[in-house]
Amino acid sequence: MTNVLLKGIEKRFGSVEVIRGVDLQIDDGEFVVFVGPSGCGKSTLLRLISGLEHISAGDILIGDRLVNEVQPAQRGVAMVFQSYALYPHLTVRDNMGFGLKVRKMPADERQKRVAEAAATLKLDTLLDRYPRELSGGQRQRVAIGRAIVGHPDVFLFDEPLSNLDAELRVHMRSEIAALHKRLATTMIYVTHDQIEAMTLADKIVVLRDGRVEQVGSPRTLYENPANIFVAQFIGSPKMNVLPADAAPLLAALPATLSPAESVGVRPEHLMVVKPGEGILRGKVTLAEYTGAVTLLHVALADGHTCLAIYDKQEMPEVGAEIGLKADARDLHFFDSHGQATKLRSN
Amino acid sequence: MTQRQTQILYRTCWTIALLIVAIPFMFPFVWMVSAGFKSTTEIFGAPTLIPRVWRWQNFIEVFTYQPFARQYFNSLYIAILVTVLTLIISSLAGYALARMRFAGAGLLMLFLISALMVPEEVTIIPNFFLIRSMGLVDTHWPLILLPTFGPQGVMATFLMRQYFLALPKELEDAGKMDGLSRFGVWWRIALPMSRPALAAVAIITFLSSWNLFLEPLIFLSSLEMFTLPLALSNFNDSYGLPLWNLQLAATTLAVVPILIVYLIAQRQIIESFALSGVKG
Amino acid sequence: MEAWLFVSPSAVGFLIFFLGPLCAVVYFSMTEWNLLTQQAAFVGLANFEDALLENPDFWHVVRNSVIFALGLVPLNMALALTLALALSRPFFGVVFFRTVFFAPVVTSAIAWAIVWKFLLQGEGGFINQMLAIVGISGPNWLREPNWAMAAVIVTRVIKMVGLNMILYIAALQAIPRDYEAAARLEGASRWQIFRMIIWPLLAPTTLIIMVITTIGSFKVFDHIYQMTGGGPENGTLVLAFYIYQQGFKFFNIGYASALAMIMFVIVMMLTIVQVMLRRKGAE
Ligand SMILES: Nc1ncnc2c1ncn2[C@@H]1O[C@H](COP(=O)(O)OP(=O)(O)O)[C@@H](O)[C@H]1O
Ligand SMILES: [Mg+2]
């Protein structure tokens, strides 16, 4: 049973600090997603867990065992690389069996394991092909197959779907989810795509500049973001953030505004109404029709622009004056440091 | 031991091993300079790294023993001339082979590829008679013509062709739309974009002309016409035995400037050789 | 036709100084022609017969060339690959070492040979003086055929290994780092990673380097000229030097041309082997 514990992890490359103190608890069998903008240190953190990079400070425990000085191969982890890293001179069979072979597993046992994994991933007919003879999705499966055959305690995925086209990405996403359900192994998955994170994760870890911004279930992150960064990173299109003064215009509020400096409201929570007194007013500058809904770009009187999702049929014209409203429940308040805050009741 | 310590130990071992291997690569240069300053007696005495007596005289005798300054100049101007000629000719031909369609292009490519591999020793005999019939023996012409049009020039042509092929064609098309002729496109657009390849060709051509030996040996007979490598091999006494201190002083004079340029531009020079790939 | 303006300087020169001479050497090789006697006569394949069947010198030269190649090529490639493996990743000092190992490549072969000849003298040579310190009495390196061959091979390797080293470095740097990371995660040792992944992926580079180096070893001339002059007792007389000697020392133009043809055939065969192996590798 394998949990993973990170305590005060730091990583420097020379003088560049890439990971700046990460504490994290990952439970057995959990599907954890590291998400954050490109360059924030997701891959580095994953490579630290795998042992491919050596930590500068802190402790890593895998299955309650301190692994700071343990060789990557002895940590019981398997990794699926963004580039797949399939050896071009080996067949699918040999790629999948490589790790078992260097670990001196007998040939028949090896064959059995490879066949097993191939069956799970529907690779049976491709075993004698070379990676260059496979499509992107098939390569992706081989990379996963290679990780499966070793029966690792923890799977590590580094943006495994980012080289696939949109349709295949959705498909592979569901396959990975199914794989997790069947194996029930701890999985750590890195992506910069918040939709992937939301759909796959039991627990999301939002990273920024080598620090954890928030840890929580997808629902927690969506409903209770800890700060503006998380609020805007999770959810699409991203949350509108307006000066706190706008809040009373959007909804009836029982409390004073302090200490809030700004208010956030998601485009899908804005309701378009007739312009009127006491209501946030703006002018439609652009209407993007997507079929199911229309995305309205609204220029507010104070110069801010905000996005609203409009799902009714009759569309406001560009240039039309409209009013915006929201439910008080859907407003998020942030203090001057961008941290989430509650309004003081008086 | 922690991983970090193992790694440091591993690195240290490698570095020490590399330092040992580096000795025969560096030491000849050091010893060459040192011996160039020694007297004949000291050269054969107990080995000393720093000469006991600095004999600057050697460096004067180098110039009186044979017309070394003249020979130095010969090498320099020939190398520059060959480099310039090769740059022009190879970039013209390379451009045509990369960008133009013409009758005989395929055949020309085939011939050039075969020429790439044929050593100059194979054609040197007929070339000797050709040059002799032109009345160019004991002139610098063969040292200029043979490398420019031989395997060296062909290699330069290939290098340029490869580079031109990799350039985006849109820029040249834009040039054509602006009314440039083929020649104008080559001169104003393709060449300025190919500086790395031109630099590589220049570096490799210059060095190979500077170090050329077989052709000078065969075609040159008067001391004033000699180039450096031939002159260096010629510091012998009347019994044909080497005058070591003079020879090493002269070698120092020939090698050190090149080494200094190499140390300054090592990155560029090494990359040029990597780019050309073929040679050896 | 415009295109021919671009290629004509190159093509005309190529015709005059390469293709013409190449055809001429075929004809020359079938003549008995000695410059000293000023007589030329068509003799068909007699020169080749002479070389291959009658003249013991020829086979001696071939033997020397083969020994030279067999000594030089593996030594050069093994050293080049080792150095490249050590220097393909950035670490403190990597630029220094690359610069040092490549320096002899830009140096003239004559200069290099002069210095090594000086270092390898029998008496008073630096190498032997050093050996004497540890109690070894070194041979007279360049005066004993076997030692001379060994000395020429080793000094030539030191001169040229930098070139192959950078070709290997370029090839190593083109291998994605993830391959090694994946293999490490799967438990492969450094040696296993090299043996099972790096080495197979380097195969095309190794092949090219091998052919280039072998061809280069058959062409070696200036180095031998300056260090041993083909001696002692013709112990380092190799093909390129033999052609020079026959053609420009003894003026046996016909015979020397036949030798040049033989060299041409050897080089072409090596090139064809390379092309074929490459095709096979690509399949
Ligand atoms: N080996 C390394 N040496 C130096 N800097 C590195 C190295 N690996 C990553 N970095 C730096 O660390 C930062 C985080 O990189 P990475 O973990 O790959 O980001 P992500 O995967 O989140 O996009 C980047 O700024 C990157 O330049
Ligand atoms: Mg990454």
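The model is a predicted one: local features need pLDDT of at least 70, side-chain atom pairs count only at pLDDT 80 or more, and totals for chains, interfaces and linings use all residues. Residues are numbered from 1 along each chain as its sequence is written, chains are lettered from A and ligands numbered from 1 in the order in which they are written, and side-chain values use heavy atoms, with hydrogens and water left out.

Chain A comes with nine helices and 19 strands; these are DSSP runs numbered from the N terminus, with helices (H or I) of at least four residues and strands (E) of at least two. Along the principal axes, its C-alpha atoms fill a box of roughly 80 × 45 × 35 Å. Of the 346 residues in chain A, 50% are buried (buried is under 20% relative accessible area, exposed is over 50% and partly exposed is in between, with a 1.4 Å probe and protein chains only).

Around ligand 1 sit A:Phe13, A:Val18, A:Ser38, A:Gly39, A:Cys40, A:Gly41, A:Lys42, A:Ser43 and A:Thr44, a residue being near if one of its heavy atoms lies within 4 Å. Helix H1 of chain A (residues 42–50) gives the most to this shell, with three residues. By type, the shell splits into three nonpolar, five polar and one charged. Here Ala, Val, Leu, Ile, Met, Phe, Trp, Tyr, Cys and Pro count as nonpolar, Asp, Glu, Lys and Arg as charged, and the others, Gly among them, as polar.

Oxygen atoms of ligand 1 pair up with the protein in several spots. One is 2.6 Å from a polar backbone atom of A:Gly39, one lies 2.6 Å from a polar side-chain atom of A:Ser43, and one is 2.5 Å from an N or O atom in the side chain of A:Thr44. Taken alone, ligand 1 exposes 560 Å², and the protein buries 56% of that (areas follow the Shrake-Rupley method with a 1.4 Å probe; for residues, only the protein chains shown count as cover).

Over on chain B, B:Ile50 lies in the loop between helix H2 (40–44) and helix H3 (57–65). With a relative accessible area of 56%, B:Ile50 is exposed.

In chain C, C:Asn64 belongs to helix H3 (residues 56–87). C:Asn64 counts as buried, at 2% relative accessibility. A polar atom of its side chain lies 3.5 Å from the backbone oxygen of C:Gly235, and the backbone oxygen of C:Leu237 lies 3.0 Å from a polar atom of the C:Asn64 side chain.

Terms used. A polar contact is a pair of N or O atoms within 3.5 Å; within protein, one must be able to donate a hydrogen and the other to accept it, and residues adjacent in sequence count only if both atoms are side-chain atoms.
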